[in-house]
Amino acid sequence: MADANNEAVPLKQEEVVGQQTNGGVEKVDTNGKAVDALSPRKRDRPHIEETDSTGNSAKRVKGVASIKTEYLLHPVGSKEDAKGGAENDDAAEAGGERYQNVDARDNRDGGNGKKNKKDKKHGKQNGQNTSRTFGHSRDKLQLCATRASYPEFSPRECQFGDKCKFEHNLRKYLTQGRREDLPTFGGKCPVYEARGYCNLGWKCRFHKSHSEERELEDGRKELVLLEDPEKKKADQQPRDFDDEVGVVNLVSKQDKIDLSRRRRGTPKADAYIEWVNKIADEERKHFDSQHKTAEQRNIDVEDSIDPDAKDDNRAQFTEPPFRPSEKRRLYYGPETPVLAPLTTQGNMPFRRLCVELGAQVTWSEMAMGLPLIQGEKGEWALMKAHESEIRPVRFENKNTVIRGYDNARDIKFGAQIAANKPWVATKTVEVLTALCPQLRAIDLNCGCPINLLCEKGMGSAMLDSHARLEATLRGMNYVSNDVPITVKIRMGTKDGQPTADKLIKRLVLGGYEAVESGKGTAGVAAITLHGRSKQQRYTKNADWSYIAECNSLIARLKQEKNARTDTIAEADPRDLANEGHVYFVGNGDCYSHVDYYNHIENAKVDSVMVARGALIKPWIFEEIEKGQYLDKSATERLSYVEKFAKYGLQTWGSDEMGIGTTRRFLLEWLSFSHRYVPIGLLEHLPPSIQDRPPRFKGRDDLETLMASENYKDWIKISEMFLGPAAEGFKFEPKHKSNSYEAEG
C-alpha cells in the first residue's frame, strides 16, 4: 500500500495475504482448509473462495475483480455496478492502415493500386478500426524550413522567394502562427536537455528554453537559437539523423530511396531463391518415386531413403555463408522476461520505459516484409531502437547456456517481421541485417490473428502450411549472416484442434524431405508459443497446459535427435542453431510475478513473454525481478506517464506535430493502463488479466482519475504534460466507438 510519502511499498505475496488475514480474509479451499496463495491449482482454476471482512461469504466470481467494499461506488450486483464490460482486445490489436494495403500490387482491383470507386466515393474502409482518424496537429501558420533552425537575420535562401506558401516572418510566426510554449517539464525542451540542441528550432513548443534575443552592434535585436557545447559534443549521432535522440538502427534516406527504386540488390536471397526453384521439380519427382517404392515394399518412407541419393542431393546444395550453428548464441532464462511485439504500443518510448522497469528482451512492432523491401519510411521507422535496448540482457546463469555464448553480444532488441512467401521473408532479412546492425534476432510472426493479414497469407495463416513455414525460416537463416532466426506461433488456426506440437517437431528435427535433400532443419534458435488458437484470438484463457506439453515434446525431441546420430536421418549439425538447443518461450495472460514464475516452474518454459500485462502495468518486469507485488501509488504511476510523454517528444519531436503524435500514442496506452486495479484495493490475489472490476474509487482523487474508463479523462491526463490538444486533434479509442474531438 502507499505510505505517507505516496511511494510504492513492495508487498510480497505472503505479506499481502497476511494483511488480509488480519483483516478477517483468509484464503481457503472449498473444504475450508487454508491453502498456499501461490498454489498453481488455485491460480489456474476458476473458483469460489474467501470470506469478507465481516465474516460473510465473499465469492470470487470468474471474470470479476473483487474490490474491497469500502472502495465500491455501488452495491455489488446493482445495474450501476458494472464497469463498462469486457474490453475488446481483438479490436485493439487490429488498428492501423499499415495492415490494409500490405502490397499495392496485390488487391482485388487487379493490381492497379486504385480504390473501388464506390468505396472511395463514400470514404469507406474495410476491416476493424479502419475508420479511426486522429485529425491533425499543426501550427496556424507554417514556418518555412529556411527559417526554422536559423537566426532571425541569417536564414537560408528560400528557392521560392516571395511565392513561398510558408511563413518567412519569424516574429509574426512566434506571435500569431503558433501556440504558446508549454510550461511542463519545467519549461525545458526534452530534446535540448538530452542533446544540447533542438533540431526543431523555432517550431519547438519549448523554444524559449533554447533561444534568446541579442542586441547587435547596430542596435537591432536578433532572435537566435542556443546550443550547449558540452552536451552537443557528447552526442556522437550523425547529423543526417538530427531528429533522433540516442537511437540506433537508423537507416538513411538514400538507402530507402535505393530500395524503393530497386537499386539495392539482395544477391544472397536471389541465389537461394534461384536454387530452391531449380531443384523444386527434381525433388517432387524424387519424393514421388520414394512414396511409390515405400508403398510397394510396405515400409515407411524414411526407411526407403537411399543413402547414396541423399549424398548426391546434398552435393548439389550451395553452401551458405553462415550456417545456423555459426550464428550468435542466444540465452533465455528466468531472469530474462520478454516484452512482446505489440501492435501500435510496441513503440520506442514504451519499450524504453519497460526496459527501465526491467524488461530484458524487447521486440519491434511487427513490420511488413514487402514495404521494408520497397523502402517505405514508416515501416523502417519500426526498426529504430533506443540505446538502452542494445545493452546485454541480464545473465545469471539460471538456465541452459550454449557453448560459445557471449553475453556482451546478446543485446535486448530484436526485429519481428511478417511475410507470406519465402522470397519476401528472405529478401527482408537480407536488407534488415545489412542496414540494421543492432539486432538480437529476427523473429517471424506466425501468430497474429488479424484477418487483414491472414487473408494475405501472413501471421497465423502461416500455420496452415508447415512445409512452407519451414522453407521460409530456412531461407531467412541462409541470408541473416550471424543474426539468429526465431519464430512466434499459436496453438493452431482452429479452436480445439491444436497443431503446434507437429509444427514444433518439424522445426526442431526438420521435415524428412528437407533433411534428406541436404537442406537441413529450419535452424531456429527459439520458438515462442502463444497458448491460444487463431480462431480464439484474445478471448478465453491461454492454455498453459498445452504449452507445457509442447515443452515436454521438445525435451523428447532432443532424445530422438540423439537417437538419430550416425543414421541417414540425422540432420547436418551445421544446420542446428545453438548446437541444437531450441529455447522455448511461453506467451499468454501473464499479469504478475506469480503468473510468471508459475509458468516457469509448471510449464518448464525457458522464459515468458508479456504482452497486455505490460500495457496495463509496465512495472510487472520490476515485480518479476523483485519477486513481489508492488503497490504503486497514483503519483508514481503518473510519473511513468510523464516519462512516456518525455520520451515521446524526444522520439517524435517537440513541435506541434510531434506533440500530437506523442499524445495519440499516450492515449492508446492509457486505453489499456486504466484497467489496472491497485493491489491494495483487491480482496483476492493473484489478480487475473481477464478480470474486470466493478465501478470503484481510488485511495485518492488521482488514483480514481487514472482508473477512469472515460476517454475524456485520458485527455485530461495527457494535458498534464502535453498541454491542451490542438484544435484539429481527434481521438477514438480502439476499444470503443465513442471519440474525442478537440473543441476550437
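**Legends to close-up views of a predicted model**

View 1. Of the 744 residues in the protein, 57% are buried, where buried denotes under 20% relative accessible area, exposed over 50% and partly exposed the range in between (1.4 Å probe, protein chains only). The model is predicted: local features require pLDDT of at least 70 and side-chain atom pairs pLDDT 80 or more, whereas totals for chains, interfaces and linings use all residues. Residues are numbered from 1 along each chain as its sequence is written, and side-chain values use heavy atoms, without hydrogens and water. The protein exposes about 33300 Å², of which carbon and sulfur atoms supply 46% (Shrake-Rupley method, 1.4 Å probe).

**View 2. Secondary structure and contacts.** The protein contains 27 helices and 17 strands, taken as DSSP runs (helices H or I, at least four residues; strands E, at least two). Among contacts with a separation of 6 or more, 74% join residues 24 or more positions apart; a contact means heavy atoms within 4.5 Å.

View 3. Over residues 138-171 the chain is 18% helix and 0% strand, and the end C-alpha atoms lie 18 Å apart.

View 4. The disulfide count is 0, a disulfide being a pair of cysteine sulfur atoms within 2.5 Å. C158 is in no disulfide, and the nearest cysteine sulfur, that of C164, is 3.9 Å away. C158 is buried, with a relative accessible area of 12%. The sulfur of C454 is too far for a bond because the closest cysteine sulfur, in C448, is 6.3 Å away. C454 is buried, with a relative accessible area of 12%.
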